Amino acid sequence: MWEALKRLYHRMGSPKWFYEISAVWLPWFAIPAALFLIVGAVWGLAFAPADYQQGNSFRIIYIHVPTAILAQSAYAMMAISGAIFLIWRMKMAAWVAASIAPIGASFCFVALITGAIWGKPTWGTWWVWDARLTSMLLLLFLYFGVMALQKAMDTEENSAKAGAILSLVGLVNIPIIKYSVEWWNTLHQPATLKLTEESTMAMEMLIPLLIMIVGFYLLFATLIFMRTRNHVLWHERKKNWVKKLIQPEAEK
Amino acid sequence: MSLVTATIKRDLVIAARNPGEWLNPLMFFLMVLALFPLAVDPDPKFLSKIAAGVVWVAALLATLLSLDALFKADVEDGTLEQWLASGESLFAMALGKVFVHWCISGLPLTLVAPLLALMMNLPENAYSALFFSLLLGTPILSLLGAVGAALTAGVRSGGLLLSLVILPLYIPILIFGASAVYHAGIGMEYAGQLGFLGSFLCISLTLTPFAVAGALKLNLSR
């Protein structure tokens, strides 16, 4: 098992290998992602029972919660790829980190927007300076910082390293976000989904939500694969295998 | 004399001979504070309500402004290369540079803030909270800021990028610092907030120098 993992890791370092194998893997993520998202969305939006307090407006959680979870775990993944790049100098890891940043920022943005849309009928205001909302906004700023830095330096390698260092520093922020609900315990309702305790949510509402979360994770994986493939092509554009791939007839 | 103490001494001497280096952030601090009564409301009751936050925001911005130059000169004139070639640890150098930066920006801000808070009509019982929260908080601002300064030292017009990168990291410190002062003002316990600031200081003292050292090395491969 360990040996197999190590072999996979070493192969991952090869852009060409990644490009070829990801073409095979991509449909295995993309198709289930579409299935899960369609099933989860239809179930959650049309068939799940309405909330007895919030009525139908609660249904936005089927977008809000998965994007919010992903925005946070995407950041962690970006920082981990950055660390792999810093420690083992693996170029692929830098490209993965660069692919994740805009995806994570978009999820973060969607979570904030859907939260605002839900907040208007429920709290009576688009935005409150609650700890959880603020730290989500902060996460978006962190993404912006990393994205700005990933483009700022004069060489691509240095930009990637700077982005990686900043994302690692920012990673300290993730637990603050996660536990802010418990620390400040303000307007935002405490997390309903818990891994260790029984959820306080009704089963009929919970199952579509879990389906949506899985669907969003698969979508996230699909997007990473697609973006990283583009990064591979762009950075390896001078290499023979890419030239062959793009202009097979130019081969002598 | 070790290289670290020599650098600290050199930087302090430079700062002493260029008073602008430590005076400018102070003047900026004063001017930003003056903007709030002018722009919002000079009513003393209102000012005393917002004083805690405003003083902290102004201190944070003043620190941010003084950070840009932290490593610029060392990167440009080759001091950084010499340091690396000497084999001394970059960790120690980072701590030394941050210490000097705090001495010429954070420390004066902390000492002057209670005086300026008078103008903002800060409640009387909040002064010790303001002083201690700044005393614990400004070194964190310098430490985190040093990471940003090291990352952007080689970037042309890095000042704006520096703010963009560092401000989100400052927000937790701002929250706890300002809330300590605010709670002291309304007569509540504020030791908890100071405790959080203290623990943030310990974490950043131990971790940020690694990030600074890593970021500084980026400037060498240019």
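**View 1. Overall make-up of chain A in the predicted model.** Of the 252 residues in chain A, 45% are buried, where buried stands for under 20% relative accessible area, exposed for over 50% and partly exposed for what lies in between (1.4 Å probe, protein chains only). This is a predicted model, in which local features need pLDDT of at least 70 and side-chain atom pairs count only at pLDDT 80 or more, while totals for chains, interfaces and linings use all residues. Residues are numbered from 1 along each chain as its sequence is written, chains are lettered from A and ligands numbered from 1 in the order in which they are written, and side-chain values use heavy atoms, with hydrogens and water left out. Chain A has 9 helices and 0 strands, both taken as DSSP runs numbered from the N terminus (helices H or I, at least four residues; strands E, at least two). Among its contacts (heavy atoms within 4.5 Å) between residues at least 6 apart in sequence, 75% join residues at least 24 apart.

View 2. Ser159(A) belongs to helix 6, which covers residues 156-171, and it counts as buried because its relative accessibility is 3%. Leaving aside residues up to four places away in sequence, Ser159(A) touches Leu149(A), Gln150(A), Lys151(A), Ala152(A) and Met153(A).

**View 3. The interface between chain B and chain A.** Here 22 residues of chain B are in contact with 20 residues of chain A. The buried area, meaning the accessible area (1.4 Å probe) that two parts lose on being put together, summed over both, is about 1,800 Å² between these chains, and carbon and sulfur atoms give 86% of it. Leu151(B), Pro168(B) and Leu218(B) supply 28% of the area that chain B buries against chain A, more than any other three residues.

**View 4. Polar pairs and helices on the side of chain B that touches chain A.** The rule finds 1 residue pair in polar contact across the interface, both residues being at pLDDT 80 or more; such a contact is a pair of N or O atoms within 3.5 Å, of which, within protein, one must be able to donate a hydrogen and the other to accept it, and residues adjacent in sequence count only if both atoms are side-chain atoms. Helix 7 (127-152), helix 8 (158-185) and helix 9 (191-218) of chain B each supply at least two residues of this side, and helix 8 gives the largest share, 9 residues.
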